[in-house]
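Biologist: I would like to learn how to read a model of this kind, one feature after another. Could you give me the general idea each time and then the case at hand?

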Amino acid sequence: MLHRLTHVISCKEASRLLSESQDRPLGWLERLRLRAHLALCDMCTRFAAHLRMMREAMQRYRV
Amino acid sequence: MDAAAFVAELDSHRRYLLRVAQLQLRDGELAEDVVQETLLAALKAREGFTGKSTVKTWLTGILKHKIVDAIRARQRAPVAMASLDEEADVEDFEPLFKENGAWAAPPAEWGDPEDALSRREFFEVMDMCLEKLPPNTARVFIMREVMDLTTEEICKELRITANNLWVILYRARMALRLCLEQNWFAAAARG
């Protein structure tokens, strides 16, 4: 049962959830799946850091 | 801050405000007008600036209202909405992922973010990358990230669904990320 709930999401799905987490609160199931994915995936963990960095950069945007 | 210093401070943000308005409105003349109004409003409201936020944040707040007013005043052409729908198509990102949903080109190590954020050249590259986004995608992204509008506010303003909005923002972030990686971080890694 728990295994089915935490079915492994792909990087593509994870990247989409990570982006959306900057615009809306994720549901508990989404958070659970995302956390399970990130625990195993260095690439998406990196991607998550990139998203945070870009948000920070846009806050400080100057030209 | 005395009056002259205040005017100088306002003036130092002019270029930034103009850039944001230009990305947002895609109309040089209208952008100029909106920035003029913003600076004028800031001068009049000098007392209202409490120093709790930075001058830049305060000015961005005023600019946000002026831009929203300008967008409201401008007739929304159906053509613009059609192209917004087009830009909400997520399938364009297929090449970024393999068929099984794994990264086709894995995100690279970016190093210390503070290092990039402390460099003027980084922001020039970012500006170039924003310029390369499809016009409506850039506009929506700026509304969200610079002007700090909520999902609800943007959807109401542009008459799009929340789901469309999230797709457009996802698209903007994916494209911006790739552009920064190729034009800044890869270049930095090469030294």
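Modeller: Chain B comes to ten helices and zero strands, where helices (H or I, at least four residues) and strands (E, at least two) are DSSP runs numbered from the N terminus. This is a predicted model, in which local features need pLDDT of at least 70 and side-chain atom pairs count only at pLDDT 80 or more, while totals for chains, interfaces and linings use all residues. Residues are numbered from 1 along each chain as its sequence is written, and chains are lettered from A and ligands numbered from 1 in the order in which they are written.

Biologist: What percentage of the residues in chain B is buried?

Modeller: A residue is called buried if 20 or more other C-beta atoms lie within 10 Å of its own, exposed if 12 or fewer, and partly exposed in between, with C-beta atoms placed from the backbone. By that count, buried residues make up 27% of the 191 residues in chain B.

Biologist: Which residues have the most contacts inside the largest nonpolar core?

Modeller: In soluble globular proteins, nonpolar side chains tend to be buried together. A nonpolar core is here a set of buried Ala, Val, Leu, Ile, Met, Phe, Trp, Tyr and Cys residues joined through C-beta atoms within 7 Å. The largest one has 37 residues, and those with the most contacts inside it are Ala21(B), Val140(B) and Ala172(B). At least two residues of this core come from each of α2, α3, α4 (55-73), α7 (120-132), α8 and α10 (162-190) of chain B, and α10(B) gives the most, with eleven residues.

Biologist: What does Ala172(B) touch, leaving aside its neighbours within four places in sequence?

Modeller: Two residues are in contact if their C-beta atoms, placed from the backbone, lie within 7 Å. With those neighbours left aside, Ala172(B) is in contact with Leu133(B), Thr137(B), Val140(B) and Phe141(B). For chain B as a whole, among contacts between residues at least 6 apart in sequence, 70% join residues at least 24 apart.

Biologist: Which domains does the assignment give for chain B?

Modeller: Domain bounds come from an automatic or database domain assignment, and for chain B this gives domain 1 (1-74) and domain 2 (77-191). The contact between them takes eight residues from domain 1 of chain B and eight residues from domain 2 of chain B. On the side of domain 1 that touches domain 2, α4(B) gives the most, with four residues.

Biologist: How many residues does each chain bring to the contact between chain A and chain B?

Modeller: That contact takes 24 residues from chain A and 27 residues from chain B. On the side of chain A that touches chain B, the largest share, eleven residues, comes from α4(A). The residues of that side divide into ten nonpolar, three polar and eleven charged, where Ala, Val, Leu, Ile, Met, Phe, Trp, Tyr, Cys and Pro count as nonpolar, Asp, Glu, Lys and Arg as charged, and the others, Gly among them, as polar.

Biologist: Where in chain B is Arg26(B) found, and why does Arg26(B) count as partly exposed?

Modeller: Arg26(B) is found in the loop between α2 (14-25) and α3 (28-44) of chain B, and Arg26(B) counts as partly exposed because 14 C-beta neighbours lie inside 10 Å. As for the backbone, most residues other than glycine have a negative phi. Phi of Arg26(B), however, is near 55 degrees, a positive value. Phi of Asp148(B) is near 60 degrees, also a positive value in a residue other than glycine, and Asp148(B) has its place in the loop between α8 (135-145) and α9 (151-158) of chain B.
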